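Student: Could you walk me through one part of this model in detail? I am curious about how its charged side chains pair up, and I would like the surroundings explained too.

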Amino acid sequence: MAPPQSRSKKRRPSFRRLLKTSGMKLDNKLKNRQMKRQNCDKKQRKEHKRMRQALKGAALATPRPLDVTAKRPEEEEEEEHFLETLPTDMMDDSDLQQMSAFLSRDLSSCGPVHGAKKRKSEVVRGYEKIPRKMAALPEEEVVHLLPIKDKTRLIPQSVHRVVTKQPDEEEEEEEEEEEATQEAETGGAELVNGPMLTPAQQQEARMCKIKDRKLTIARLASSAIADPVNNIKCVKQLRGMLMEADPNVAVTVRKLVMVSLMEVFKDISPTYKIRPLTAAEKATKVKKETQQLREFEEGLLSQYKLYLEDMEQIIKDWKQQKSKRSRAVPVDSYSGLALVAVRCLCELMLAMSHFNFHNNILVALAPLANDGTVSDMCCRAFAQLFRQDRVGGASLAAVRVISGLLKSLNYNVRPQVLQTLLSVRIQEALVKKDVKDMTPAVKLMPHKDKKKNLSRMQRKWKKAEEKLQQELLEAEALDSKDKKMKMHSETLNIVFLIYFRILKKAHKSVLLPSVLEGLANFAHLINLEFFDDLLNVLQSLIQSGDLTNRERLHCIQTVFTILSGQGDVLNIDPLNFYSELYAMLPRLHAGAPNDDIIIVLRCLDAMLIRRRKQVSLQRAMAFIKRLSALSLHVQTHASVGLLAAARAGLHSFPRCDFLLDNEVQGSGLYLAELHHPEHCNAHNTALWELHTLQRHFHPVVRRLAAHLSVGAPSEGVSALPLELSRRSPVQLFEDYDVKDMTFNPPVAPPKHKKKEVFRADWSLLDGELQRLVDHVLSASQEAELDFSTMHKH
């Protein structure tokens with residue numbers, strides 16, 4: 001009988017028992033197996049790296065010769081005496097030679113083999129035993145197989161497969177290594193032989209190097225653009241050229257690489273943001289094309305991130321002015337590299353606002369907008385971003401960054417930074433236009449094609465389908481409009497928060513003109529609750545006397561923009577602001593900048609035209625009279641705008657035609673120097689300036705003056721053409737601007753009347769001289785005139 005087996009012996013689990021095992025244990029076992037394999041691979045890689053380093057060190061180190069200990073004379077004599085005393089009867093000559101060679105050997109190199117520390121010669125010999133070419137371990141990849149299904153769950157299966165490299169890839173890698181070694185050798189030779197060349201030869205060698213680098217950059221960039229998915233490694237090689245170490249061409253090559261990479265990223269980047277994959281998505285088996293696209297997106301995102309980091313590092317080095325260890329680029333060249341880097345970042349900010357890391361670019365460029373060297377470039381880029389952004393996300397992020405910059409610097413920034421906010425598209429008209437432009441339209445099938453190609457039932461279904469598509473697009477447009485309005489509202493809140501903080505804390509800073517101009521542009525969007533406080537602040541600013549003419553005009557424009565919009569419900573009579581503008585008009589003349597005229601035209605439109613029901617007749621006549629007087633001593637385009645504003649005032653207040661009559665309409669005299677429009681007695685004067693303006697050199701000014709002098713009729717012979725009557729004063733001012741030093745319309749050259757036949761005036765000649773001239777002209781032969789004789793009168 002066999003002895004019973006002990007219970008402590010581990011049994012092999014049955015299949016039924018394996019089925020009862022939890023899935024968590026199987027997953028843990030699979031993970032442990034993978035972790036062990038990864039650890040083994042990691043150890044192998046470390047050993048290979050250590051061996052490569054040892055081989056590299058052994059190749060570079062020069063072995064020292066073995067130590068030879070010199071013998072003393074006493075030892076040599078003792079050795080000879082010992083050899084002579086040896087018995088020679090039992091040994092042959094060959095034995096004696098071997099014995100003498102053995103006794104005369106060098107004992108300094110015969111150390112113990114098992115010693116704790118070997119000599120360097122032994123270490124070198126040990127390295128020599130290592131094979132020159134190491135057997136590279138084959139790369140493996142995990143292939144997911146079909147799972148096994150049992151009664152409870154699915155068991156995943158996977159197999160490790162060796163990755164075989166294509167011969168083309170191996171050849172390319174070998175070629176790249178050979179090129180790198182050749183470049184290193186040639187670079188070293190050039191560094192050695194550089195001082196021996198003449199300046200002309202050095203310049204020629206430098207141009208040859210730059211030409212070679214340009215060809216390399218062009219080859220890599222064109223390969224990346226032609227097939228971005230398969231040639232993403234070209235972007236990596238191109239980015240590696242940013243670390244050009246040759247000091248002769250480092251600055252030029254780095255600039256070329258920066259600009260080339262910028263254009264490459266603009267061309268190959270997709271029109272969406274790349275989302276990083278989760279662990280579950282990476283473990284899921286996908287198609288080959290999908291996996292290839294994922295690898296391309298991952299490589300593109302990593303290279304783009306590294307490129308942006310390189311740009312930021314170049315700008316940081318320029319700010320700190322610290323020399324690098326490599327010294328390939330001198331400190332004096334940092335500014336040129338930083339200028340190109342800033343330009344590249346600005347281009348990427350404008351062209352790739354939809355792509356990843358756009359907020360990082362905004363954060364990097366916002367402080368540079370306050371730097372004197374690159375401030376104009378960055379401010380123009382921000383303004384262009386605000387103008388072209390029709391969605392609102394990029395504008396909101398940029399406004400947030402600028403607000404944080406202003407707050408961190410305690411509002412001590414350049415006015416150009418605040419001027420960029422004037423380009424933000426937060427007006428309701430622009431928002432509605434953007435939504436309308438971005439809404440896709442349904443392509444309807446023509447009725448003729450429907451009747452020709454479709455049956456009656458098909459036409460019915462086609463009509464229902466088009467109606468459904470239209471409803472879906474309208475719903476989508478409504479959602480996008482709500483989203484846009486929400487983003488624009490948040491942007492508007494941040495902009496007004498910046499303006500109100502400056503008015504409260506830094507109302508005497510250089511930012512006040514920009515703040516007042518911004519409030520004038522966006523005043524119709526201000527909440528009704530802030531109107532009372534804002535009007536009081538603007539009133540105190542005007543009365544302080546610290547503002548310039550332009551700033552005072554901006555204050556007046558802000559007030560009347562508020563009152564002509566939502567503030568129309570407020571019962572406020574801004575007589576003081578009317579008086580301020582009326583007193584400022586004579587200060588504008590041809591010697592001063594005419595940029596203030598366009599603000600005056602906007603203020604007049606809000607003060608007289610939109611508020612015609614709240615303006616008295618005396619006030620309107622006073623403004624029209626002063627506008628006609630002002631049009632005499634301003635430039636041409638300003639005269640056109642002011643006369644157009646006076647025409648709008650005559651149409652809004654028909655009873656102002658008293659100014660076209662010479663008769664006095666009431667008591668008192670016209671006081672032209674008085675700065676109160678209500679009390680200057682404008683009804684007792686006439687628009688005599690129109691008679692003078694009809695002799696102006698500009699044809700449009702003459703036409704407007706003649707039109708106003710007959711009462712500005714809308715029809716008839718004296719009416720204006722449509723191209724003048726349908727334009728506002730602001731549009732006419734901009735159309736006839738002479739900022740380019742050209743006349744609009746061009747002035748016709750004077751007409752030169754050349755006389756074909758010369759006719760002598762006989763009344764200037766006396767009788768005797770006239771007869772002599774007639775005789776000469778009628779004679780067939782030549783005759784001489786005798787001027788020696790005296791003619792009697």
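Student: How many salt bridges does a search of the whole structure find?

Tutor: Happy to take you through them. Please keep in mind that this is a predicted model. A search of the whole structure finds 14 salt bridges. The setting for them is a chain of 793 residues, of which 31% count as buried. Its secondary structure comes to 31 helices and 2 strands. If you take the contacts between residues at least 6 apart in sequence, 69% of them join residues at least 24 apart.

Let's start with the pair of Glu689 and Lys625. Their side chains meet in a salt bridge, with 2.8 Å from N to O. Glu689 belongs to helix 27 (residues 689-693) and Lys625 to helix 25, so this pair ties together parts that lie 64 residues apart in sequence. Are the two partners buried or exposed? Glu689 has a relative accessible area of 1%, so it is buried. Lys625 has a relative accessible area of 3%, and it too counts as buried because the cut-off is under 20%.

Two other pairs give you something to set beside that one. Glu281 forms a salt bridge with Arg275, and the closest N and O atoms there are 3.2 Å apart. Glu281 counts as partly exposed at 23% relative accessibility, while Arg275 is exposed at 53%. Asp735 and Arg727 also meet through their side chains, at 2.6 Å from N to O. In that pair, Asp735 is partly exposed with a relative accessible area of 33%, and Arg727 is partly exposed as well, at 35%. Salt bridges can also join into a group: Glu263, Lys266 and Glu347 are linked in a network of them.

What the side chain of Arg626 does reach is the backbone oxygen of Ala672, at 2.5 Å. Leaving out residues up to four places away in sequence, Arg626 touches Tyr582, Ala583, Leu585, Pro586, Ala672, Leu674 and His675.

For a view of a buried helix face, turn to helix 14. This helix has 14 residues, 375-388, and from its first C-alpha to its last it reaches 20 Å, close to the 20 Å expected at 1.5 Å a residue. Its buried residues are Ser375, Met377, Cys378, Cys379, Ala381, Phe382, Ala383, Leu385 and Phe386. The elements that cover them include helix 12 (334-351), helix 13 (358-365), helix 15 (393-408) and helix 16 (415-419).

At 2% relative accessibility, Phe382 counts as buried. Among its contacts beyond four places in sequence are Met349, Leu362, Leu365, Ala398 and Ile402. Cys346 is 36 residues from Phe382 along the chain, and 8.3 Å separates their C-alpha atoms.

Most residues other than glycine have a negative phi. Asn410, in the loop between helix 15 and helix 16, has a positive phi of about 60° although it is not a glycine. Asn410 is exposed, with a relative accessible area of 53%. Ala712 also has a positive phi, of about 55°, and is not a glycine. You will find Ala712 in the loop between helix 28 (699-709) and helix 29 (722-725), and at 4% relative accessibility it counts as buried.

Definitions and conventions. Residues numbered from 1 in each chain as written. Predicted model: local features only at pLDDT ≥ 70, side-chain atom pairs only at ≥ 80, totals over all residues. Heavy atoms only, no water. Polar contact = N/O pair within 3.5 Å; in protein donor to acceptor, adjacent residues only side chain to side chain. Contact = heavy atoms within 4.5 Å. Helix = DSSP H or I, 4+ residues; strand = E, 2+ residues; numbered from the N terminus. Expected span 1.5 Å × (residues − 1). Buried < 20%, exposed > 50% of the residue type's maximum accessible area, 1.4 Å probe, protein only. Salt bridge = Lys/Arg side-chain N within 4 Å of Asp/Glu carboxyl O.
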